[in-house]
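The topics are grouped for quick reference.

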Amino acid sequence: MAAHVESGDGEPIAAINVTPLVDIMLVLLVVFMVTARLIAQSAVPLDLPHAASANAEQSIWTIAIAKNGETRLNGDVVRDRHALADRTRAELRKNPELRAVIAASKHTEHGEVVSVLDELRNGGLTRVAFGTSPEETP
């Protein structure tokens, strides 16, 4: 369904007005920029360390708490949670930039997680994050 449009002197009009196309593209660009910022802000905020050189190493403890309350520090079973504060103090003396990520099962009791968090804070560690996994959308 093509239309043949002629100018007043009998010749076809061969020019296309691209102004509406440019307007639409600019609006789409703005929409994508705004939605990209919203998606980036929905991520879990982390207090990431600053490094002056590429060789700077980070020390991050991963503390996993299972459904039954079993606690693991970097894969090793923690038998006495009260000793966790002492281990934290010793590690902070060696590395003051120590951070921890607590990854607990969603079936773990809240008190278990708070107990581990208290022991870390009693040891002087304040940079603690909680590990999560994104929900699957249908």
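How many bridges join β1 to β4, and do these strands run parallel or antiparallel? Six bridges link the two strands, and β1 and β4 run parallel. The model is a predicted one, and the points below describe its architecture from the overall fold down to single contacts.

**Overall fold**
- The secondary structure consists of three helices and five strands, which follow one another along the sequence in the pattern α-β-β-β-α-β-α-β.
- The protein has 138 residues, of which 20% count as buried.
- Its exposed surface comes to about 11000 Å², with 58% supplied by carbon and sulfur atoms.
- Among contacts with a sequence separation of 6 or more, 65% are between residues 24 or more positions apart.

**The sheet**
- The five strands make up an open sheet of mixed pairing, with the order β3-β2-β1-β4-β5.
- β3 (76-77) and β5 (128-130) each have a single partner strand, so these edge strands are each left with one side that has no neighbour in the sheet.

**The nonpolar core**
- The largest nonpolar core contains 15 residues, and those with the most contacts inside it are Trp 61, Ile 63, Ile 102, Val 116 and Leu 120.
- Two or more residues of this core come from each of β1 (60-65), α2 (82-94), β4 (99-104) and α3 (110-122).
- The largest share, four residues, is contributed by α3.
- Leaving aside residues up to four places away in sequence, Val 116 touches Ile 63, Ile 65, Thr 71, Arg 81, Leu 84 and Ile 102.

**The loop between α2 and β4**
- Asn 95 is located in the loop that lies between α2 and β4.
- Asn 95 counts as buried because its relative accessibility is 18%, and the cut-off for buried is under 20%.
- A polar atom of the Asn 95 side chain lies 3.1 Å from the backbone nitrogen of Glu 97.

Definitions and conventions
Residues numbered from 1 in each chain as written. Predicted model: local features only at pLDDT ≥ 70, side-chain atom pairs only at ≥ 80, totals over all residues. Heavy atoms only, no water. Core = buried A, V, L, I, M, F, W, Y, C linked by side-chain atoms within 4.5 Å. Buried < 20%, exposed > 50% of the residue type's maximum accessible area, 1.4 Å probe, protein only. Contact = heavy atoms within 4.5 Å. Pairing = 2+ DSSP bridges. Polar contact = N/O pair within 3.5 Å; in protein donor to acceptor, adjacent residues only side chain to side chain. Areas by Shrake-Rupley, 256 points an atom, 1.4 Å probe, with all protein chains shown as cover.
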